[in-house]
Structure formats: structure tokens, C-alpha cells
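Welcome! Please have a look at the structure first, and then read on.

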Amino acid sequence: MTNVAGMDLATQLSALLPYLVLAAGGLLVMLVDAFVKSLRKEHLSMLSLLVLLGVAVANFTGSMSLSDRTLLGGMVVNDQYSWFFNMLFVAVALLTVTFASGLYDRDGHYRAEFYPLVLFATLGMMLLVAATDLMTLFLALETMSLSVYVLVAGNRGSLRSSEAGFKYLIMGAFASAFLLMGMALLYGETGGTSYAMIGDTIAGMNSASLLLKLATGLILIGFGFKIAMVPFHMWTPDVYEGAPCYVTGFMATGVKAAAVAALLRFAWLTLPVLADVWFPVLMVLAVVTMTYGNLVALSQNSIKRMLAYSSIAHAGYLLMGVLAYLQTGRDIGVATRAEEVGVAAGGAVLFYLVGYALMNLGAFGIVTYLSKDRKHEADTIDGYAGLAQKRPVAAASLAVFLFSLAGIPPTVGFVGKFYIFDAVVKADLLPLAIWGVVNSLLSVYYYLRVIMTMYMKPAEDDSYSGGSWETVFAAGVLALMVLMLGVMPGTLSQLARNTFKFMAY
Amino acid sequence: METHAVETALRWIVLVPLIGAAVNGLLVRRMPRRIAGLLACAAVGVSFALSVKVVLRLVGMDAEQRLVTDTLAPWLGLGPLHVNIGFAMDQLSAVMALVVSGVGFLIHVYSLGYMAHDAGYNRFFTYLNLFIFAMLTLVLGENLLMLFVGWEGVGLCSYLLISFWFNDEANAAAGKKAFIVNRIGDFGFLLGMFVIGTTLLPELHHGEGVFSFQVMREYAHLLGPVATLAGLLLFVGATGKSAQIPLYIWLPDAMAGPTPVSALIHAATMVTAGVYMIARMNFLYVLSETAMAVIAAVGAVTALFAATIALTQNDIKKVLAYSTVSQLGYMMLACGVGAFAAGIFHVMTHAFFKALLFLGSGSVIHAMSNEQDMRLMGGLRKKLPVTWWTFLIGTVALAGVFPFAGFFSKDEILWKAWSQGGIGLWLLGFLGAGLTAFYMMRLVSLTFFGENRASDEVKHHIHESPATMTMPLVILAVLSLTGGWLGIPHFMGGQNHFETWLEPVFHQEAAGHHEADLVQELEHGALGETVAVLATSAHVTHDVIEGLDHAGEEAMEWTLASASLAWALLGLSLGTWIYTKRQGLAAAGQRFAGGALHRVLLNKYYVDEMYEAAILRPGYAVSERVLFRTVDAGLIDGLLVNGSAILVAIVSALLRLFQNGRLRFYAWVFASGAAGFILYLTVSG
């Protein structure tokens, strides 16, 4: 092997340990399922959880010797930014596996492919954030997407699930085509695929060439699809509704976080010349995205669909943070305190992603918990009537998650929104912040509607009832975390800010 | 290593009672009663032991270095606003922590017996532990915001415990009253914090916690212009929590709670939070003479005013409640004349003897089958020997008889009021002191002397309380006797250890600093040497005068101390004599001036009625007619809420039509969006 980046192979491999453990673990779970006949169904989920814990340990110990290290000849980078998101994705995957296995155990028809697919999708997410080369970026994106397409269609008997998987696949392929075209143009313009090379070329330009603008625009469309940005969002409600609820939670948190994280790294790369070009478009799209999401969510009767539109709205809030960051690259007043505003904005987005993962996964966890089996998910809001009496812990947890999604203190959702709006105001975008607040107000209605149904309506015969204790336990812990981070956000927000600072400055 | 252990001990002082409350609270229905009670006692006992450990560590340090801090985590970080979750113990916090956990422990033990037959036993101990947690947060918090968290926490627990027996409408109303009146005070507190925050924030270096007491003290010179405003706003908070005029009205009603609660929260600890806060913010208050004058005046007037009401009350706990209001007035008076150490000294001695008196009254009430009216008591001296002796000690301590604890602290306050505040303030305090001795002896005479006036049924049940209740009484009685010896003043040949201990906290760095700056500035000027010579000679003159003064001062201190001792003894004897031998005189007093005076006092100067007429009724009227009917129902509900809801619902339903489930349509939207995007990129600059 040649020693590309000046590091010997052993060092490089040890730095890549989290990814290697995860890939090997995924394969192992698949092989165990195929060849170990005496296997009981719980064993696969236990094995997957062990693999994920191993990844967490590998990632954590890796952080001890953390420095800005480019690996595999510039294909991926091992920095605090990727470290931060690796932790988030592992946590998301752990919870997804926990929720899913709870339902599988009740249901009896377990699907062995589920566990390796979650592991591979997680690997894709991790690499997506670590990628510093267009090639890695695309491979990681497809690793993630292909696994998720199958996961969405995982309810094999259900027509809706198959339809959702099919729609997601077609639309995803469509979006990938745009992304790939953008990458090709970018390669044509800069003559390289590595971020370092692209960055150098861009730094040498006075203004953005048409080709560069088109290239990055197409790449932005590709990312916009993944984070459910209007007008590339049409798949979201159908897919979120059709997919099994634990997969929906996985997509809404993990996939979205990965796409936003990669988008931020890409925005940082192209900031100097493209901030002015991207800014007006993203401004319009952010406003439309959150308003559209919130408005349509108002008239939903399916909780999964409601959360799908809410997820679109949250994409809008996240874009507000990205906009505040872009503002620092523009040739205006903010540029004089670029670092202060940039760190506030990037830190806010990172914090929000963690908070959003906690509260949204928690909400889907409760939906999973209340589902009788995979054919009968706890989807219609009316079925939540009287839950407060029947399942007080589940109802209280779901109430906490919904309050948090609505941004009501003392929850992490409130603090996250506060940081985003604060960054937006610092970036001299006061009207945008006001619009964000108005949107939050709108959203309160549909979140509270569910809480009202749970607490103020009497239970009916067909109201949902409980499921496995692991699920509600995990969701209860999430609810406590949502509250705790709402009261003491200091440590996490400091970490998020530092992480973004190391990546971007 | 050892230092580290001591620092982390600080957080456990606060957290252990919280854990106790959490365990008891979560398992409230499943926990066996015995274990719940013992667990709660153990939690507070651990807090006390840890407090002693840290205080011993403090004692071992240099006087100026005495500070142990324990920072848990950053709490808020919003640009320049930086707040930590952390605890700190200096000399002042040490005194408070020992009093709170120590007296708190005794009252927990007492409650084991007092609440033994109550259905809400576990709930009671949960709240009690929660209270100790909040109170310790208040006194150990490292910054003003932590103090405020504790401040609100104790307010909540006070509310929960006042209306502990909430099946009775009156108890629930009393709890509500306490909560609402305190909210008014808290509003002032918050505004005061805002004033300090907005003044200091622009001046701080990055990462300095604006509300940290250390930082505020360091930057105190910047607070000069807002000191009066901020000081008075914070004092509004203190009048609520520490029951001063005009917000004292909730405390007498708060006696609706169980008696251990009255002893712990409404006598020994929570109500002194306002005094603690002012002492803690001394660097702010010394900057404003106006604020100090207001505090001294309010304190002195409250001291006398509440004492007069206590003369006529017939409910044993109400007498003690007004007595508490009056004593809190003395503490405020001390703070107002700048004698913060004397104020805190009285906080401590008062905690001992007032907790003792309340617990003693609880023992009486317990024996009398829950009767609280003193007109139906009497002659309990023989039947409740332990209660009687300890109660007597508490009474003489409160009256301020040498050598009991109250003598030293009250005398210190009166002397400081005389020497630093003026004769008017002293006279108010002095009159109040005589009345205190009188009404306490009235209480003792009616309760313990003479014949028992209760029904035969009740008489039959009278018995001394169990050991869990009498042991705390004995311990507190010993403290009520000896607690004052920590601060024997110099003129009596003592060292006043207490004041020396607290001295570094109240050391006026800011002022001294400023003066030194001024001198230095002058010395550098053209007139430098002349000024220096003048300054030296002035200093010498000052010293000489001070020496002369000293002898005169000591004589004056002797005179005042003797006068107040004689005055207290007179009050005590009169009280005994009238209410045991000459009941006719008391009746004559009631008829004095056509009975009008008695009526006014009995009805507490009609203050509640005045508030009702001046504030509550107009407030209700405005809420009902203007705010509710016109603004809320008409404007907000009718136009804004329903109107916008209809609009939004229409838009929402329309947008929903786009989601028709057809893949081809989705792809079309995607493609046209992309096309628009690309078009924009092509034509834009």
C-alpha cells in the first residue's frame, strides 16, 4: 500500500475504526442470520445493539487523539465535526433498533434484513458527514439512501409501505441525478473532486462563474430533497406515512441530520464566492418551507403525516440557521463579526439537530409503542383519546416531545429555537426571525391538539393501548433528556459551538 | 485531592435532600410510612453533616480566603450573558447552611412524632425535603439567579405546605394568598435583577458570570448610578419573602399549615431569605443611602407595628406569627443601618428560639386535641413539664433577657440603630422590645398558668408529647440559651466572634477602593505633597477623636443594654402579673377608649380590608368588564383567534389538495422547482 497522506496504514485504519466496526458489524449480523439456524429472534437485535455500542466506544476513544486529520488520500476527514455527528447517528440507530425490536417481538413476523440495513444506513450517514471528496460524498449518500429505500418498504404485506418505498426510490433517483450532474459540472469547472482542490480553485476566483453557480445549485437541489425542502418535499408526507413508524423516526432525524451536516460543510467550502448567490434563493425557500409545513400540518388526522409536515417545517427552521451562517460570507456589515455570528449560527444548527433528534425520535417511539403490530399502527389522532388515563407515562412523554417540537419551555425544542432565532437576529435578519416566531405560533395548534386529545377526551374502545416496556422506557429517558437539556443547555451548546468552530474557522 | 472532596461535598449538601424528596415523592403510595420519615430525616442529617465538614474546612483557612466553590456546569451562555450552575460557601453562607440544615434536621425529627397520625405523612416529608433542597440552593447558590431559583423553590414549597390540608377551603385560600403576595415581591426582585444585568453586561469580560456574587462585587463601583433603583426593587422582593410592610399580610394566614412547617419555613428559615439576600448584596446597598434608609424605616416600623397586633391575638400561633413579623423587622432594621452582621446574628438566634416556641406551641396544640385558642387553655405547666420549661426558655430568649441568645442579638441591633441610625429608629425598636416581652408573657400566662379552661373531653386527653417531639425542644432550648454567646460584645469583655467571622463578607472593598484611588490621584497632582501631609494629620486627629469617643461609646452601650434588659424584665413581669393576678386590668385595657383601640388591634388595623377595597375590588372590576368581556372575549377570541383560525384552516385545506399522491405530479413539481432555480442562477448577476 502506498502511504498517501503521510501516515502509515495502521494509523489510518485506527482512525477509521468506527466505520470499519460498523461495516463489519453489519455484515456479521447478516451472516449470522443466514447461517446460524438455532437463532432466536431477539438475538439479532441484541447483536445489532452490541455493534452500535462498539462503534460508539471506537468513536469515543478515537476522540482522545483527535486532530484535524485527512484520511485515505483526502477522501474522508476525521475531525471533531464528524466525531460529533457520529455520536448522534449511533444514538439515533440505537434507539431505532430498540423501538423496532419491541414491535417485532409483539408482531412475531420479524424481518432479518432490517438490522443490517439500519447499520448500513448509519454507516452512510457517518461517511456523508466525514466526506471531503465528491466521490465519497456520493457513495455515502447512496449507501444511506439505498438502505433507507428498502427500510421504507419494509412492511412487506402493506400496500402503503410498498408504495412509499417505490415513490421514495423514484424521487430519490431523480434527485440523485441532479446531484450527480452538479458534481460533474463542479469537476469540469475546478478540475478536481476533492474538497481541498475545489476550495483552492474557488478561493482563486473573484466572482462565481455561471458553471460554478449551476454546479452548486444542482448539488443544493440534491441536498434539499433529503432534508425535505419545498419544492423538493412532495415525497415526504406519503413516504413518512407509508413507512413503518420506527423507520419514519429514523429518516426524520438521522437522514435529515446527515444531509444538513453535509450541506453545512459544503456551504463552508463554497462560502466565499457563493454566499451571495445562494442567499436569496435559500431565503425564499426557507420561508416557504416552514410556512408550508406548518400550514398543511394543521389539517392532518394522521399523526405520522402531521409529523411529516412538522418535519418539513423544522427543515425551514434549520435553513434559517444556515442562512445566518451564509450571511457571514456576504459582503455586508455582518462580515466584520463573521466568526461570532457564524459560530452562533452553526452551533445553533448543530444544537437544534441534536434536540430535534431527541424529541422527534421520542415522538415516533411512542407511536411505535402504541402500535398493536405492524399492520395496525397507532396513526389516527382520535385513537389517542384518553391515553393519559390508560398509559400515563407514555402520554406524559409524548406531551413532552410535542411541547418541545412546538418550542415551549422548559424543553430542548425551546432552547434550540431560541439559539437559532438569536443567531438570525445577530446576522441582521430580524424579519426572518419574526417570521420564524409567527410560524412557531402556528405550529402550537396542531401539536397541542394531540395533547388535548390525550388528556381531555375520554378513552374509547378502539383507543390505543401499550406495547413493550423497553420502548416506553427508552422514550421516557428521551423525555427526561428533552427536559434536562431544556433547563441546562449549557454543556451541549458549548460543545456544538466548539465543534462548528473547529470545522469552519 | 482533599480540597476537591470538600468542593464536591458542597453540591451534595444541596442534592441529598432533593434525592430524598425524589425517592419519597415517586414512591409516595408504596413507601412504608416509617421508612419515608426516617429517609427524609437521614437526608437532612447528611446535609447537616456535610455542611459541618465544609465549615470546618473554612475555619481552617485564612480569614480573607474563606471561600469554597463548586461549579457543576455552565447553565446559560448567550453572548455576553453567562451563568453557571454552581455553589459557593463563604462565611455568610456557612452560617445560613448550618442553621437551615441543623434546625431543619431537628424539625424533621419533631415531625416524625407530630405528623404520626396524619394520612398525608409521606407527602409531608416529600415537601419538607424539597423545601430544604430549595432553601439550601438559596443560601449556597453562587449567583443571584441560583438564589432566585431557590427563592422561587421555597415559595412553592411554602405554598404546598400552607395548604397541606387542602380539604379545608380556608387552608387552600391561605396558601393562595401567600403565593400571590409573594409573586408581587418576586416581580420586584426580577426587575431588580434586570437593572443589575443591563448595567453590568456591557462592561464585563467574556466568560464572566454577570450575576455571580464575586463578579458583581468586583464591579460594584459601576452600580453606583442604579444602586437606589436596583436596591429598592430587590427590597420589594424581600418585603414579600420576609413579611415586611406592606407585604407582610400573608404570614399570619400561613399558620394554616402544620405547626412544624410554621416553625421551619415561617419562622426559622424561609422568611429570613430576604434578610440574607440583602446581607448578600451588601456591596450594592452601601452605595445607596436612600435604599438603606428605606429598609431601616420599614424594618423599624414593622417591628413595632406587628408587636402591637400580637398583643390582642387569641390564637397561640397567630401571636407567634406576628412576633415573627416583628422580629424580621429588627433584622431589616439592622441591615438598614449597615449592621449586616448583627442582622444575620439575629437570624440565627431567632431561628433557635422561634423554632423552639413554634414547636412548643405545636406540642401544646397536640396535647389540647388541636385547640389553638388560648382562651380555652391554661394550667398546662404541670401536665406538660418539658414543653413548659423549654417554652419558658424560648420566651425569655425572645424577650431578650441576659444571658439568653435574644439578648445579645437584639441588643446589638438596638445599639447599632442608636449609634448609626439615630434615636428615632432606636425608639421604635426599643418600644417593640418591651411589647414583645409583654405579649409573650401574656401567651405563657394564658397557656401554662391558672386553671385549665378546656372541656372535660379535651382535659382527659392532655399528655406530654413523645420523645421525638420533646428531644428537639430540649436541644433548641439549649441553643436558645447558648447561641448568643458566639457574639458577646466587646464592651462586656467578649470578642464578638460572630461579627469577626462575618467581617470579610461585609468588608467594604468598593468604597475603600474608591477612596484610595482618589487619594492616589490627588497625590500625583500638583498639590500632591500638601494633600498627603493634610491627609496624614487628618488621620491622626481622627484616631485621637476615635479614642476619646471609644470610652464614651462604651458607657453608652452599657446604659442602653441595661435599659433594654430592665425594659424586658418589666414587660415580662407586667405580662405575668396582669394575666395571672389582675385579669380585670386586661379587661379594662380592652375597654379603653370605648374599646376602639382593642378592636383596631384585634382586627389587625384592618389592613386586609383596606387592600381588599383599594386593590382587589377595583382590580376585579377592571378584569371582568374591560379585560375579559371587551378585550379577551371580543377582540382576541372573536377577531384574532377565531378569525385567523378560519383563514388558516382555509389555506391549509387548499394546500392539502396539492398532495394528491400521484408520483408524476410530484416529479413535475420537483422539476419545475429545479427549473426555476436554475433559471434564477443563470440570470442573476
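Which residues does A:Tyr384 touch, not counting residues up to four places away in sequence? The list is A:Ile303, A:Val367, A:Leu370, A:Ala378, A:Leu398, A:Thr453, A:Met454 and A:Tyr464. Please keep in mind that this is a predicted model. The points below begin with the cores and then turn to chain B.

**Nonpolar cores**

- A:Tyr384 also has a place in the largest nonpolar core, which holds 211 residues.
- Together with A:Phe85, A:Tyr168 and A:Met251, A:Tyr384 is among the residues with the most contacts inside that core.
- The element that gives the most to this core is helix H11 of chain A, spanning residues 245-297, with 34 residues.
- Another core lies apart from this one and has 188 residues, including B:Met96, B:Leu112, B:Val154 and B:Val181.

**Chain B as a whole**

- Chain B is built with 28 helices and two strands.
- Its C-alpha trace spans about 105 × 85 × 60 Å along the principal axes.
- Chain B has 685 residues, and 52% of them count as buried.
- Looking at contacts in chain B between residues at least 6 apart in sequence, you will find that 80% join residues at least 24 apart.

**A buried serine in chain B**

- B:Ser409 sits in helix H18 of chain B, which covers residues 405-421.
- Is B:Ser409 buried or exposed? B:Ser409 is buried, because its relative accessible area is 0%, and the cut-off for buried is under 20%.
- Setting aside neighbours within four places in sequence, B:Ser409 is in contact with B:Phe345, B:His346 and B:Thr349.
- With B:Thr349 there is also a polar contact of 2.8 Å, which joins the side chains of the two residues.

- A nonpolar surface patch of about 740 Å² is formed by B:Val622, B:Val626, B:Leu627, B:Val631, B:Leu635, B:Ile636, B:Leu639, B:Leu640 and B:Val641.
- One of these residues, B:Ile636, belongs to helix H27 of chain B, which runs over residues 607-656.
- Why can B:Ile636 be called partly exposed? The relative accessible area of B:Ile636 is 32%, so the value falls between the cut-offs of 20% for buried and 50% for exposed.

How values were computed: Residues are numbered from 1 along each chain as its sequence is written. Chains are lettered from A and ligands numbered from 1 in the order in which they are written. This is a predicted model: local features need pLDDT of at least 70, side-chain atom pairs count only at pLDDT 80 or more; totals for chains, interfaces and linings use all residues. Side-chain values use heavy atoms; hydrogens and water are left out. Patches are made of residues with over 30% relative accessible area and no salt bridge: like charges are joined within 9 Å, nonpolar side chains (Val, Leu, Ile, Met, Phe, Trp, Tyr) within 5 Å. Accessible areas come from the Shrake-Rupley method with a 1.4 Å probe; for residues, only the protein chains shown count as cover. A salt bridge is a side-chain nitrogen of Lys or Arg within 4 Å of a carboxyl oxygen of Asp or Glu. Helices (H or I, at least four residues) and strands (E, at least two) are DSSP runs, numbered from the N terminus. Buried means under 20% relative accessible area, exposed over 50%, partly exposed in between (1.4 Å probe, protein chains only). A nonpolar core is a set of buried Ala, Val, Leu, Ile, Met, Phe, Trp, Tyr and Cys residues joined through side-chain atoms within 4.5 Å. Contact means heavy atoms within 4.5 Å. A polar contact is a pair of N or O atoms within 3.5 Å; within protein, one must be able to donate a hydrogen and the other to accept it, and residues adjacent in sequence count only if both atoms are side-chain atoms.
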